[in-house]
Amino acid sequence: MKKNGAILLLSLVLSLFVPYVARTAEPLGMSLKTEGLYVDNVNVRVLRQMFADYGYKDYIYMPEWKYPPLFLNNLPADFATIEDKSFRNRLFIQILAPLSLLVNEKIVLERYPLLLMHERLEQKENFTAEDKKYLESLAEKYDIFSRMQGHDRYEILLTELLNRVDGIPPSFLIAAAAAESNWGTAREVKLGNALYKRKVWYKDEGIKPLEDPDDSYRIKTYPTLLAAMEDYALNFNRDVNFAHFRDLRRQRRNHSKPLRGNAMAYNMVRGSPLENYAGLISYIITFYDLVNLDEAELGSVNMFWKKNK
């Protein structure tokens, strides 16, 4: 029954997008998953129409601050040819907004079991075998090491994971991508979805930078924009260079203060070779009112056929 329901849901959603298929140079690729609809091979004209048809005409002042779960795997092929810089920048934000919210939803799903463990620990309950397995898997992912054994080990892992497995303000994720990729027009984005131009050292895999004679690194490539953003968020949550970022985030959590991208930006010690990086990030967030996204959330796939008239 569930399988039949999923098939019906997919057919309903895809039927809504049939009018767009003929308007693209390549076949419009779509994949419906639990979290939303993933789209390939869309051009700017079709994307604008899709956004408009589903009430997503701008990235701010969305009804109830709910954003359509429409996820582009790549920027439109003709994105960099947009001549109107203001329009291009705002479309870039529109594209990345749902992705940034999805990244944070996935982090929340990882964090929630940790919060439950912490509550049980305060009630003097022991870690279960499932708890320990989960803690070990996340400790490896978030690069946490401890020589302790037994109960003390898992208490240490839990404490540090609660510090690391936490959200990155969507405004920050978008502003950083804009700064690093020149609003999505950098060649690295077109070649490999490298929104943040993350470097990999002493490997042949990746994009060789044109402007740098240093041959010891490449720019890391990704299959999708989402993968690039997830990798960037993970790096912030585990790399020693961003410990100050995580400390401020923990302090704000402890004082029940919301996470805001512009507040987080100024606590960065090292983020980019770009000059005055923290100031640049804060300026982008403020100028484009991106803090609105820090209070937003994704809507359900039902939004795809509940069009705003």
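Predicted model: local features only at pLDDT ≥ 70, side-chain atom pairs only at ≥ 80, totals over all residues.

Student: How close do the axes of helix 3 and helix 6 come, and at what angle do they cross?

Tutor: The axes of helix 3 (residues 85-122) and helix 6 (residues 170-181) come within 9 Å. They cross at roughly 130°. That makes helix 3 oblique to helix 6.

Student: Which residues of helix 3 and helix 6 meet?

Tutor: From helix 3: Phe92, Ile93, Leu96, Ala97, Ser100, Leu101, Val103 and Asn104. From helix 6: Pro170, Leu173, Ile174, Ala177, Ala178 and Ser181.

Student: And by class, what is in the contact of helix 3 with helix 6?

Tutor: Eleven nonpolar residues, three polar and no charged ones.

Student: How many residues of helix 6 are buried?

Tutor: Twelve of its twelve, so helix 6 is mostly covered. Glu180 is one of the buried residues. The run Ala175, Ala176, Ala177, Ala178 and Ala179 is among them too.

Student: What covers the buried residues of helix 6?

Tutor: The cover includes helix 3, helix 7 (187-192), helix 8, helix 9, helix 10 (261-265) and helix 11 (277-287).

Student: How far does helix 6 reach, end to end?

Tutor: Helix 6 reaches 16 Å from its first C-alpha to its last. That is close to the 16 Å expected at 1.5 Å a residue.

Student: What follows helix 6?

Tutor: Asn182, with a positive phi near 50°.

Student: Switching to helix 5. What span does helix 5 have?

Tutor: Helix 5 (residues 150-164) has 15 residues and reaches 22 Å from first C-alpha to last.

Student: Which residues of helix 5 are buried?

Tutor: Arg153, Tyr154, Leu157, Leu158, Leu161, Leu162, Asn163 and Arg164. Note that residues three or four places apart in an α-helix point the same way, because there are 3.6 residues a turn.

Student: What do the buried residues of helix 5 pack against?

Tutor: Helix 3, helix 4 (129-141), helix 8 (225-238) and helix 9 (243-254).

Student: One last topic, a loop. Where is Thr224 found?

Tutor: Thr224 sits in the loop between strand 6 (217-219) and helix 8.

Student: Why does Thr224 count as buried?

Tutor: Its relative accessibility is 19%. Buried means under 20%, so Thr224 counts as buried.

Student: What does Thr224 touch?

Tutor: Asn73 and Asn193, not counting residues up to four places away in sequence.

Technical notes
Residues numbered from 1 in each chain as written. Heavy atoms only, no water. Axes fitted to C-alpha atoms, helices over the stretch in contact; angles between N-to-C directions. Helix = DSSP H or I, 4+ residues; strand = E, 2+ residues; numbered from the N terminus. Parallel < 35°, antiparallel > 145°, perpendicular 65-115°, else oblique. Contact = heavy atoms within 4.5 Å. Nonpolar A, V, L, I, M, F, W, Y, C, P; charged D, E, K, R; others polar. Expected span 1.5 Å × (residues − 1). Buried < 20%, exposed > 50% of the residue type's maximum accessible area, 1.4 Å probe, protein only.
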